[in-house]
Amino acid sequence: MNQTTSQKRYQRGNQAKRRQSRRKRVFLLAAVLVALLLLWLDPLSLRPHKIRPQLPDSARPEMAVELLTVNPNSRPGKKLGKVKGIVVHYTANPGSSAMDNRNYFEGLKDSHVTQASAHFIVGLKGEIVQCIPTSEIAYASNQRNGDTIAIEVCHPDASGKFNRKTYDSLVRLTAYLMARFDLDTDQVIRHYDVTGKLCPKYFVEHPDAWKQFKTDLNTYIKENAIKEKSDD
Ligand SMILES: [Zn+2]
């Protein structure tokens with residue numbers, strides 16, 4: 001059957017439309033690829049949810065610096081490279097103080113019973129003891145020892161829940177470290193997130209409390225952040 005001129009014209013029109021929509025698809029695909037490439041090249045500045053903490057020097061919480069002796073069981077003296085995270089732990093030793101735990105780590109150099117330590121310990125009265133310089137690794141977080149800072153947290157009882165003073169100090173210390181090492185809340189993790197270990201117990205058993213901790217970090221950072229300087 002012969003096609004009429006109008007039918008032919010109709011078909012040509014359809015072909016042109018198809019070509020046009022194909023061109024649109026190619027353009028969209030190219031745009032998506034460029035966007036992905038940009039995200040890959042510069043993930044930090046394009047992640048809108050990231051809060052870049054900027055805290056004043058005065059935000060450094062008070063702490064006792066009681067460094068461990070360099071020894072193979074608790075302070076190996078190995079350099080910690082770029083800090084990519086902060087790992088929160090609980091002591092699993094109800095009622096013990098920050099210094100008790102620091103002294104336990106120090107004692108490992110003689111008892112050799114295990115390898116363990118942390119950079120910081122937050123105590124029941126909110127006190128903070130630093131055991132290891134942040135330029136060195138601690139033995140706390142297994143395969144993440146090489147690129148994270150470890151915080152051990154004391155707790156009054158077997159539930160592993162932190163009391164108010166301890167919790168508030170933990171928020172201050174973690175926020176301060178986030179600012180110092182340019183980390184966001186996604187980079188604050190539990191020991192559980194590294195190995196699946198039940199640590200810190202309360203934050204593993206209560207994911208809502210862990211989520212609240214992240215919210216409290218962001219709130220603290222927002223409230224204490226250095227304000228943008230105006231031009232005048
Ligand atoms: Zn742990």
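Biologist: In what pattern do the helices and strands follow one another along the sequence?

Modeller: The chain of this predicted model holds seven helices and six strands, and buried residues make up 30% of its 232 residues. Among contacts with a separation of 6 or more, 74% are between residues 24 or more positions apart. Read along the sequence, the elements follow the pattern α-α-β-β-α-β-β-β-α-β-α-α-α.

Biologist: Which strands are the edge strands of the sheet?

Modeller: The six strands form an open sheet with mixed pairing, in the order β1-β4-β3-β5-β2-β6. An edge strand pairs on one side only, and this holds for β1 (64–65) and β6 (188–190).

Biologist: What is the bridge partner of phenylalanine 120 in β5?

Modeller: β3 and β5 run parallel and are joined by three bridges, and β5 stands between β3 and β2 in the sheet order β1-β4-β3-β5-β2-β6. The bridge partner of phenylalanine 120 in β5 is isoleucine 151.

Biologist: Which residues of β5 point the other way from Thr148, Ala150 and Glu152?

Modeller: In a regular strand the side chains alternate between the two faces of the sheet. β5 is mostly covered, with six of its six residues buried. Thr148, Ala150 and Glu152 point one way, and the residues that point the other way are Ile149, Ile151 and Val153.

Biologist: Which element gives the largest share of the largest nonpolar core?

Modeller: The largest nonpolar core has 42 residues, and those with the most contacts inside it are Ile86, Val122 and Ile151. Elements that give two or more residues to this core include the strands β2, β3, β4 and β5, together with the helices α3, α4 and α7. The largest share, seven residues, comes from α4.

Biologist: Which elements are included in what covers the buried residues of α4?

Modeller: α4 has 18 residues and reaches 26 Å from its first C-alpha to its last, close to the 26 Å expected at 1.5 Å a residue. Its buried residues include Leu170, Leu173, Leu177 and Met178, as well as Thr166, Ser169 and Arg172. What covers the buried residues of α4 includes β2, β3, β4, β5, β6 and α7.

Biologist: Which strands are included in what covers the buried residues of α3?

Modeller: α3 has 14 residues and reaches 20 Å from its first C-alpha to its last, close to the 20 Å expected at 1.5 Å a residue. Its buried residues are Ala98, Asn101, Arg102, Phe105, Glu106 and Leu108. What covers these residues includes β3, β4 and β5.

Biologist: Which residue just after α4 takes a positive phi?

Modeller: α3 is followed by histidine 112, whose phi is positive, near 55 degrees. Just after α4, a positive phi of about 55 degrees is taken by aspartate 182.

Technical notes
Residues numbered from 1 in each chain as written. Predicted model: local features only at pLDDT ≥ 70, side-chain atom pairs only at ≥ 80, totals over all residues. Core = buried A, V, L, I, M, F, W, Y, C linked by C-beta atoms within 7 Å. Buried ≥ 20, exposed ≤ 12 C-beta atoms within 10 Å, placed from the backbone. Helix = DSSP H or I, 4+ residues; strand = E, 2+ residues; numbered from the N terminus. Pairing = 2+ DSSP bridges. Contact = placed C-beta atoms within 7 Å. Expected span 1.5 Å × (residues − 1).
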